[in-house]
Amino acid sequence: MIRKRPLILISNDDGYHAPGIKKLVDIVKDMADVLVCAPESARSGFSCAFSATTPLRLKLRHNMGETVVWSCNGTPVDCVKLALDQFCKERRPDLILGGINHGDNSSVNNHYSGTMGVAMEGCMKYIPSVAFSSCDYSEDANLEPLRPYIRNIVDRVLEEGLPKGVCLNVNFPAGDHFQGVKICRMTFGSWVNEVVKERHPRGYDYFWMVGHYRNDEPNAEDTDQWALTHRYVAVTPTLMDVTAYQVMDDLKNWNL
């Protein structure tokens, strides 16, 4: 029996022109039919945001060879929603991929990431979804060493799927060599010193959102941050259902 060629929808939060998304297309284009719909410019930190008051536009691009590429003036989630509605009515994607992001999306970055927003949106549509990120923030980063790991993960997800309500957050250490793969949980961490106040020459204050990340459990060895620090590829299964089931019984005893 001939296996039907799958369809992969790819988006990101760095923009349709980013080297990371071009590399991801190159890595998987022989494994499936590929459709790209990505923001027209960088949309980092947009998480699962979508455009409720801004009209959206799509523009056909020609920057990835034979792969069909559309850009959108909206968020990463807008891109997924529009692609599913406009281009996938007759053929539902078998897999949705976000990335490759230029930057670390482990730990609490998961909640801010537009790359993860792509995977979360796919997951909410009951489509197996994976987000790929590199801890090398440079647009000139060598992403070729990620190839065998991405192909293996994509192949396994296409073959076996993912449980309902689960997507994968995959982060790669910066560099050309990895020790292997660790299946791990999200690290509890914090962003500190996040706001820098400046004085504008015209007499008003303005602010930059900056800060630095602090690992709040540096000795834990089952986390994504530990894996990345020790040069492992960190694979974190991520749930859509945010219910704190372990607290439900306690709250019932409150007799509200």
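This is a predicted model: local features need pLDDT of at least 70, side-chain atom pairs count only at pLDDT 80 or more; totals for chains, interfaces and linings use all residues.
Strands are DSSP runs of E with at least two residues, and helices are runs of H or I with at least four, numbered from the N terminus. I found L58 opposite C72 in strand 4.

I then checked helix 2 (residues 76-86), which packs on the sheet and touches strands 1, 2, 3, 4 and 5. Contact means heavy atoms within 4.5 Å. The direction of helix 2 makes about 150 degrees with that of strand 1; axes are lines fitted to C-alpha atoms, for helices over the stretch in contact, and angles run from 0 to 180 degrees between N-to-C directions.

Next I turned to H102, in strand 5 (residues 95-102). H102 is buried, with a relative accessible area of 10%; buried means under 20%, exposed over 50%, partly exposed in between, with a 1.4 Å probe and protein chains only. I noted a polar atom of the H102 side chain 2.9 Å from the backbone nitrogen of G20, and one 3.4 Å from the backbone oxygen of S138.

Last, I looked at E160 in helix 5 (residues 147-160). E160 is exposed, at 55% relative accessible area.

Notes on method: residues are numbered from 1 along each chain as its sequence is written, and side-chain values use heavy atoms, without hydrogens and water. Local features need pLDDT of at least 70 and side-chain atom pairs count only at pLDDT 80 or more, while totals for chains, interfaces and linings use all residues.

Terms used:
A polar contact is a pair of N or O atoms within 3.5 Å; within protein, one must be able to donate a hydrogen and the other to accept it, and residues adjacent in sequence count only if both atoms are side-chain atoms. Two strands pair if DSSP finds at least two bridges between them.
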